[in-house]
Amino acid sequence: SSDVCSSDLPAAALLDEARQAIAWAMADAEPGHSAELAALLGLALFATGHLREAQDRFEQAAGLGADPATAAAALRRAAAVARCRVRGADALRLELAASDRASAAGDQVAAALALAGAAELLTRFPGMFGGVGVGDPVPYVARAGALAPGDAHVAAAVDVAVNAYAGPGGRPTAEQARQTLAAAAAVNDPVLISSALDGLSAALLFAGDIQAAHRLALERVSRLRATDQGEPAAALELKDALHVATFCALGAGHLGVAMDMARGQHELPFLRESRDVADDELMAPAVLRGDLDAAIEGGERFLRDWADAGRPAARGRALTPAAVALAHGLRGNARTREKWLDVVAEMRGVPRSEASRGTGYGELFEAIILLRDDCPAEAFEVLTADGDRGLYGAVFQIGRAHV
């Protein structure tokens, strides 16, 4: 393996040599050696944007691991890669498997942290699950607390999982989110701190302080850009921070900043082969800036890449096809707009009749088309109708409380 690491071969050839080295180690019945090689290959694959194989290699390393602790660490890396791929079910499965392996190794703190990670996935990233119930995080946090009572790191991770993204009516309060951030900062875990900052951004949005959320989102991006992005969990945080900074900038009216943040995600090295995910943030800033050509052209590229990825349902990503539908609506392409709204419904996992309902951006974009068609009363009705519009409703201040 040292020859591979020191070689001047192109990256693709180095990866091939690493694959052959793993096969050789497995044939020679050296599970510890092959597990280490598989984990190293997983990191190299992640860094070069081969996310699907990176996840597979981390899972392979766990299967070959000579000890449960090594397997648990590999599974948590695999879970982080699955999150980068917006595969919620995979990430949940892997976090729970990591907890089991860590428990088998006698590391109850690591087992509890993996359970807290599973709970955080459910509370923080429900949009990674395609239109299906994400499950109840409470049993996971209860088990985590029972495994490592009194451990400050576990307590902070549980606090983030439960309190950073929930509260009265399922929404965090700013005071609650700041207390959670303080708990994360006390254990000096950069990934946990980033997650807590994300929760505080959401709390500020729900409180109606769009400009403060925008400033905090930019601060989070700046912090993460100064950290090592070699670990999948840290890289995921930067991806998410750029996503949040994009829509916060949109809500704050800073369209140029929103596009800069969207391009930042587009250029992340670990997304170089997951182009549909890399392009997720580009279309909404483009269309809201009036660059309809860019939104429509980018939409066609996104649709091809999403189809190649198997058309995964992930309701948290449906802003992209909704923005492309808006671009076609503004161009007067009614039939094409309808086709893109079909994509919105498929991605969200909802009936076609609900494609533009319950998201905040869907109502906003529909109202824009109605205003274009000189139907202001209908647009007002769409924007002020009762109903929960989630985080984007707060971003765009959609609903009776904001009119």
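Tutor: Buried means under 20% relative accessible area, exposed over 50%, and partly exposed in between (1.4 Å probe, protein chains only). This is a predicted model, in which local features need pLDDT of at least 70 and side-chain atom pairs count only at pLDDT 80 or more, whereas totals for chains, interfaces and linings use all residues. Residues are numbered from 1 along each chain as its sequence is written, and side-chain values use heavy atoms, with hydrogens and water left out.

Student: Which residues of α20 are called buried?

Tutor: They are Tyr361, Gly362, Glu363, Leu364, Phe365, Glu366, Ala367, Ile369 and Leu370. Nine of the 12 residues of α20 are thus buried, and the helix is described as mostly covered. Elements such as this one are DSSP runs numbered from the N terminus (helices H or I, at least four residues; strands E, at least two).

Student: What do the buried residues of α20 pack against?

Tutor: Their partners are α16 (283-288), α18, α19 (334-348), α21 (376-384) and α22, where contact means heavy atoms within 4.5 Å.

Student: What span does α20 reach, and what is expected?

Tutor: Helix α20 (residues 361-372) reaches 16 Å from its first C-alpha to its last, close to the 16 Å expected at 1.5 Å a residue; the expected span is 1.5 Å times one less than the number of residues. After α20 comes Asp374, which has a positive phi near 60°.

Student: Which residues touch the most other members of the largest nonpolar core?

Tutor: Among its 124 residues they are Phe46, Leu205, Phe270, Tyr361, Phe365 and Phe396. α13 gives the most to this core, with 12 residues. Such a core is a set of buried Ala, Val, Leu, Ile, Met, Phe, Trp, Tyr and Cys residues joined through side-chain atoms within 4.5 Å. Apart from neighbours within four places in sequence, Phe396 is in contact with Leu250, Gly251, Tyr361 and Leu364.

Student: What is the volume of the largest pocket?

Tutor: The volume is about 1200 Å³. A pocket is an open set of points on a 1 Å grid with protein on both sides within 12 Å along at least five of seven lines, and lining residues have an atom within 4 Å of a point. Of the 41 lining residues, Arg124, Pro126, Gly127, Arg315 and Leu391 are the closest to the centre. The elements giving two or more residues are α7 (108-124), α11 (190-206), α13 (232-252), α18 (319-330) and α22 (390-395), and α13 gives the most, with six.

Student: How many residues of each class line the largest pocket?

Tutor: The lining divides into 17 nonpolar, 12 polar and 12 charged residues. Ala, Val, Leu, Ile, Met, Phe, Trp, Tyr, Cys and Pro count as nonpolar, Asp, Glu, Lys and Arg as charged, and the others, Gly among them, as polar.

Student: How much space lies in the second largest pocket?

Tutor: About 790 Å³ lies there. Its 36 lining residues include Arg76, Glu95, Asp189, Val191 and Ala233, the closest to the centre. α5 gives the most to this lining, with eight residues.

Technical notes:
On a 1 Å grid over the protein atoms alone, a cavity is a set of points where a 1.4 Å probe fits but cannot get out, and a pocket is an open set with protein on both sides within 12 Å along at least five of seven lines; lining residues have an atom within 4 Å of a point. Grid points are joined across faces, edges and corners, and a volume is the space filled by probe spheres set on the points.
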